[in-house]
Amino acid sequence: MHKGGYVYIMANKPFGRLYIGVTANLPERILAHKEGRGSYHCKKFNLHRLVYMEPYNTIEEAIIREKALKKWLRLWKLRLISEANPEWNDLYDTLNA
């Protein structure tokens with residue numbers, strides 16, 4: 001894992017409910033979501049699947065991107081995920097590979 005920041009998207013299923021987040025430690029943050037410690041929204045709606053991530057050189061850049069993505073239309077977010085991860089696989093296992 002690199003230093004800096006990440007924007008990531010969690011989902012409960014393909015084309016399901018989405019959560020956009022930002023973190024400096026992606027593996028730790030996703031594990032927290034999976035264990036129900038990450039965010040109330042993820043816990044409430046069982047968002048346990050990491051379906052998208054973008055690395056940034058600094059956490060500040062990641063925060064700017066996160067805020068921009070949250071303003072996007074849902075269709076744009078679904079397209080972004082589908083183009084990068086067509087099967088909507090859980091990418092968590094690829095983080096430490």
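The legends below describe close-up views of a predicted model.

**View 1. The sheet is open and has 3 strands in the order 2-1-3.** Pairing between the strands is antiparallel. From one strand to the next, the twist averages 20 degrees. Strand 1 (5–11) and strand 2 (18–23) run antiparallel and are joined by 6 bridges. Val7 has Val22 of strand 2 as its bridge partner.

**View 2. Helix 1 (residues 26–34) is shown with its buried residues and its two ends.** Leu26, Pro27, Ile30, Ala32 and His33 are the buried residues of this helix. These residues pack against strand 1, strand 2, helix 2 (40–44) and strand 3 (49–56). The N-terminal end of helix 1 is capped by Asn25. In this cap, a side-chain oxygen of Asn25 lies 3.1 Å from the backbone nitrogen of Glu28.

**View 3. Helix 3 (59–71) lies across strand 1, strand 2 and strand 3.** Its direction makes an angle of about 165 degrees with strand 2. Glu66 is a residue of helix 3. The relative accessible area of Glu66 is 11%, so the residue counts as buried, the cut-off being under 20%. With neighbours within four places in sequence left aside, Glu66 is in contact with Val7, Ile20, Gly21 and Val22. Two of these contact residues, Val7 and Val22, are also bridge partners.

**View 4. Helix 4 (residues 74–84) has buried residues that line one face.** The buried residues are Lys77, Leu78, Leu80 and Ile81. Seen down the axis of helix 4, they fall within an arc of 160 degrees, and therefore they line one face of the helix. In general, an α-helix has 3.6 residues a turn, so residues three or four places apart point the same way. The buried residues of helix 4 pack against helix 3 and against strand 1, strand 2 and strand 3. Leu75 and Glu83 are exposed, and they sit on the face of helix 4 turned away from its buried side.

**View 5. Tyr8 and Tyr19 form an aromatic pair.** A search of the whole structure finds 3 aromatic pairs. The pair of Tyr8 and Tyr19 is tilted, with 45 degrees between the planes and a separation of 6.3 Å centre to centre. Tyr8 is in strand 1 and Tyr19 in strand 2, 11 residues apart, and the pair links distant parts of the chain. Tyr8 is buried, with a relative accessible area of 0%. Tyr19 is also buried, its relative accessible area being 17%.

**View 6. Trp72 and Trp76 form an aromatic pair that is edge-to-face.** The planes of Trp72 and Trp76 are 80 degrees apart, and the distance is 6.0 Å centre to centre. Trp72 counts as partly exposed, at 25% relative accessibility. Trp76 has a relative accessible area of 41% and is likewise partly exposed.

Notes
Residues are numbered from 1 along each chain as its sequence is written. This is a predicted model: local features need pLDDT of at least 70, side-chain atom pairs count only at pLDDT 80 or more; totals for chains, interfaces and linings use all residues. Side-chain values use heavy atoms; hydrogens and water are left out. Buried means under 20% relative accessible area, exposed over 50%, partly exposed in between (1.4 Å probe, protein chains only). Helices (H or I, at least four residues) and strands (E, at least two) are DSSP runs, numbered from the N terminus. Contact means heavy atoms within 4.5 Å. A polar contact is a pair of N or O atoms within 3.5 Å; within protein, one must be able to donate a hydrogen and the other to accept it, and residues adjacent in sequence count only if both atoms are side-chain atoms. The arc is that of the directions from the helix axis to the C-beta atoms. Two strands pair if DSSP finds at least two bridges between them. Axes are lines fitted to C-alpha atoms, for helices over the stretch in contact, and angles run from 0 to 180 degrees between N-to-C directions. Rings of Phe, Tyr and Trp (its six-membered ring) pair if their centres lie within 6.5 Å; planes under 30 degrees apart count as stacked, over 60 as edge-to-face and the rest as tilted.
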